[in-house]
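Subject: Structure handover and notes

Hi,

Here is the structure I promised to pass on to you. My notes follow below it, so please open it alongside them.

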Amino acid sequence: AYIDSKKTITIVSNGPGGFPHPMPMWFARDPDDSIRMATYRTSQKILNIKRDPRVSLLCETGVEYQELRGVVLYGVAELVDDFALACDTLLRAGGRGEGLPADPAAAKQIMDAMRKNAEKRFVIRVKPDRVVSWDHAKLGGTY
């Protein structure tokens, strides 16, 4: 439920020279708990994943220590070159349940723009191997 309440997740891939490469992404979560993101085929994330598919995904909130909550998902990223899946990922990640406008003309305009955008993208799919979460509010002010 916590992950589903978020629109943005940070994907951390292993960048050139071994430095972590964290990037915020809109995402969709599938019933099997896989996380999907669509990104440009020539992005640094794609280059990193081709070299080393191990990634971590982070969702977090909080400003003060006692408010900090989050989850990290660890897994191996799969790059999927599938136009229909890229369209679905962009629609689900961008809308996060809002759906298309009721007005058919407005809905068509969004779908046409999304299709043009999807042609340039790969889908990154991550099925988590390990999940770590924290909620400092549960500490009740004692640390």
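First, a word on accessibility: buried means under 20% relative accessible area, exposed means over 50%, and partly exposed is anything in between, using a 1.4 Å probe and protein chains only. By that scale, Asp33 is partly exposed at 38% relative accessibility.

Please keep in mind that this is a predicted model: local features need pLDDT of at least 70, side-chain atom pairs count only at pLDDT 80 or more, and totals for chains, interfaces and linings use all residues. Residues are numbered from 1 along each chain as its sequence is written, and side-chain values use heavy atoms, with hydrogens and water left out.

Now the overall picture. The protein has 3 helices and 7 strands; helices (H or I, at least four residues) and strands (E, at least two) are DSSP runs, numbered from the N terminus. Along the sequence the pattern reads β-β-β-β-α-β-β-α-α-β. The C-alpha atoms fill a box of roughly 55 × 40 × 25 Å along the principal axes. Of the 143 residues, 37% are buried. Taking contacts (heavy atoms within 4.5 Å) with a separation of 6 or more, 69% are between residues 24 or more positions apart.

The 7 strands make an open antiparallel sheet, in the order 2-1-5-6-7-4-3. Strand 2 (20-26) and strand 3 (28-29) are at the edges with a single partner strand each, so one side of each has no neighbour in the sheet. Two strands count as paired if DSSP finds at least two bridges between them.

Here are some of the pairings, going across the sheet:

- Strand 1 (residues 8-14) and strand 5 (residues 54-61) are antiparallel and share 3 bridges, with Ile11 opposite Leu57 in strand 5.
- Strand 5 and strand 6 are antiparallel over 8 bridges; Glu60 has Gly70 in strand 6 as its bridge partner.
- Strand 6 is joined to strand 7 by 12 bridges, again antiparallel, and Val72 faces Val132 of strand 7 as its opposite number.
- Strand 7 and strand 4 run antiparallel with 6 bridges, and Ala38 is opposite Val123 in strand 7.
- Strand 4 and strand 3 are antiparallel over 2 bridges, where Ala28 stands opposite Arg36 in strand 4.

Strand 4 is mostly covered, with 5 of its 6 residues buried. Strand 3 and strand 4 form a hairpin with 5 residues between them. Asp33 belongs to the loop between these two strands, and has a positive phi of about 75° without being a glycine. For context, most residues other than glycine have a negative phi.

The helices

Helix 1 (residues 44-51) lies across strand 1, strand 2, strand 4 (35-40), strand 5, strand 6 (69-80) and strand 7 (121-135), at about 50° to strand 1. Axes here are lines fitted to C-alpha atoms, for helices over the stretch in contact, and angles run from 0 to 180 degrees between N-to-C directions.

In helix 2 (residues 83-95) you will find Thr89, which is buried at 0% relative accessibility. Apart from neighbours within four places in sequence, Thr89 contacts Arg36, Met37, Ala38, Gly94 and Val123.

Helix 3 (residues 104-118) contains Lys116, and this lysine is exposed, with a relative accessible area of 56%. The C-alpha atoms of Lys116 and Cys87 are 9.3 Å apart, across 29 residues of chain.

Cysteines and rings

Cys87 is buried at 10% relative accessibility, and Cys59 is buried too, at 2%. How many disulfides (pairs of cysteine sulfur atoms within 2.5 Å) does the whole structure hold? The search finds 0.

There are also 0 aromatic pairs. Two charges do sit over rings, which requires NZ of Lys or CZ of Arg within 6 Å of the ring centre and within 35 degrees of the ring normal. Lys7 lies over the face of Trp26, 3.8 Å from the ring centre. Arg121 has its charged end over the ring of Tyr40, at 4.0 Å from the centre.

For the aromatic count, rings of Phe, Tyr and Trp (its six-membered ring) pair if their centres lie within 6.5 Å; planes under 30 degrees apart are stacked, over 60 edge-to-face and the rest tilted.

Best wishes

Key: Disulfide = S-S within 2.5 Å.
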